[in-house]
Amino acid sequence: MNGLDKILEKLPAEVSEPMKELPAGIKKNLEEVRIRNGNHVLIFAGGKEYELESKKGKIDNYIINNIFNALLNHSAYAYQEELANGYITIEGGHRVGVCGKAVMENGKVKTIKDISSVNIRRSREIIGVSDPCMNYLLNGKGQIHNTLIISPPKCGKTTLLRDMIRNLSGMGYQVGVCDERSEISGMYNGKTSYDLGIRTDVLDGCPKEKGMIMLIRSMSPDIIATDEIGKKEDCHAIEAAICAGISLLTTIHGSNYADVKSSGIGEMVERGVFERLIFLSNVPAIGSIAAIRDWRNQDVV
């Protein structure tokens with residue numbers, strides 16, 4: 001069921017049973033499960049929204065608290081640091097956004113209580129989805145172009161990145177993955193949930209700006225892969241990797257070249273640090289490759 005089973009395991013019968021009865025096409029393309037106190041569950045699949053009506057009525061305090069505790073494996077303390085960022089990652093690499101009452105301490109969010117809504121974003125593995133891109137990543141000297149995968153949220157950036165890692169590892173490259181939110185690897189108890197290849201090392205749960213430096217010093221990778229870059233704090237680690245002769249493979253939110261130029265790494269993009277820009281779209285389907293361009297934003301395909 002490509003990871004959906006891990007989500008269903010965490011949900012009470014009031015939610016999981018109606019989900020199991022959904023048509024196969026909806027389950028196959030399921031992207032998000034949005035659960036809000038006082039409402040029916042909403043399912044997003046294939047770009048459409050579906051209301052999931054349970055025979056036991058709408059979501060109430062009891063049900064949403066049960067779901068929240070199950071997602072945390074009944075140990076809120078263990079997830080306190082992640083909750084302070086507004087989300088947790090569960091087995092299988094599925095990200096769960098959480099809303100409720102923020103508990104503040106010394107001006108910072110300490111945790112979230114009185115949960116009002118939960119958004120489960122399904123992570124998935126599609127073997128071979130990166131195959132059409134691979135030739136455009138090679139520079140002819142056996143090296144990999146520094147590459148940015150660019151799209152708005154929910155267009156398949158992480159899915160494409162994950163399969164590129166698997167492909168490059170299979171081609172003989174040593175790949176270091178800095179997986180700050182456990183979404184690339186779905187790391188759980190020291191084991192990845194996805195096939196990232198036999199030459200891939202994963203540093204899980206570490207901030208990117210620190211993790212990339214750690215990988216450079218400790219694992220001697222040919223390539224470093226990470227997700228959702230774009231802060232100015234990331235620039236130092238990117239420069240360090242380039243100086244060490246390591247190729248970069250990463251993603252960034254954005255709809256076009258202008259969005260990337262205005263991000264925290266915009267100056268690096270204009271300087272040509274990233275030689276390949278892969279733009280994704282959700283038209284005609286999620287994960288569609290809209291364009292592959294060079295650092296000047298000129299088509300290479």
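Tutor: Begin with contacts, meaning heavy atoms within 4.5 Å. Among contacts in the chain between residues at least 6 apart in sequence, 60% join residues at least 24 apart. This is a predicted model, in which local features need pLDDT of at least 70, side-chain atom pairs count only at pLDDT 80 or more, and totals for chains, interfaces and linings use all residues. Residues are numbered from 1 along each chain as its sequence is written, and side-chain values use heavy atoms, with hydrogens and water left out.

Student: How many helices and strands does the chain have?

Tutor: Helices (H or I, at least four residues) and strands (E, at least two) are DSSP runs, numbered from the N terminus. The chain has 10 helices and 13 strands. Its radius of gyration, taken over C-alpha atoms, is 20 Å, close to the 19 Å that the globule rule gives for 301 residues, so the chain is as compact as a globular protein of that length. That rule is 2.2 Å times the number of residues to the power 0.38. The C-alpha trace spans about 60 × 45 × 35 Å along its principal axes.

Student: What share of the residues count as buried?

Tutor: Buried means under 20% relative accessible area, exposed over 50%, and partly exposed in between (1.4 Å probe, protein chains only). Of the 301 residues, 50% count as buried.

Student: Which residues touch the most other members of the largest nonpolar core?

Tutor: In soluble globular proteins, nonpolar side chains tend to be buried together. A nonpolar core is a set of buried Ala, Val, Leu, Ile, Met, Phe, Trp, Tyr and Cys residues joined through side-chain atoms within 4.5 Å. Here the largest has 32 residues, and Met-19, Ile-35 and Ile-43 touch the most other members. Helix 4 gives the largest share, five residues. A second, separate core of 26 residues includes Leu-248, Met-268, Phe-279 and Ala-291.

Student: What is Ile-35 in contact with?

Tutor: Leaving aside neighbours within four places in sequence, the contacts of Ile-35 include Leu-11, Val-41, Ile-64 and Val-118.

Student: Where does Gly-92 lie, and is Gly-92 buried or exposed?

Tutor: Gly-92 lies in the loop between strand 4 and strand 5. At 6% relative accessibility, Gly-92 counts as buried. Not counting residues up to four places away in sequence, Gly-92 touches Ser-123, Gly-186, Ser-193 and Tyr-194. Gly-92 and Tyr-194 are 102 residues apart in sequence and 8.0 Å apart in space, C-alpha to C-alpha.
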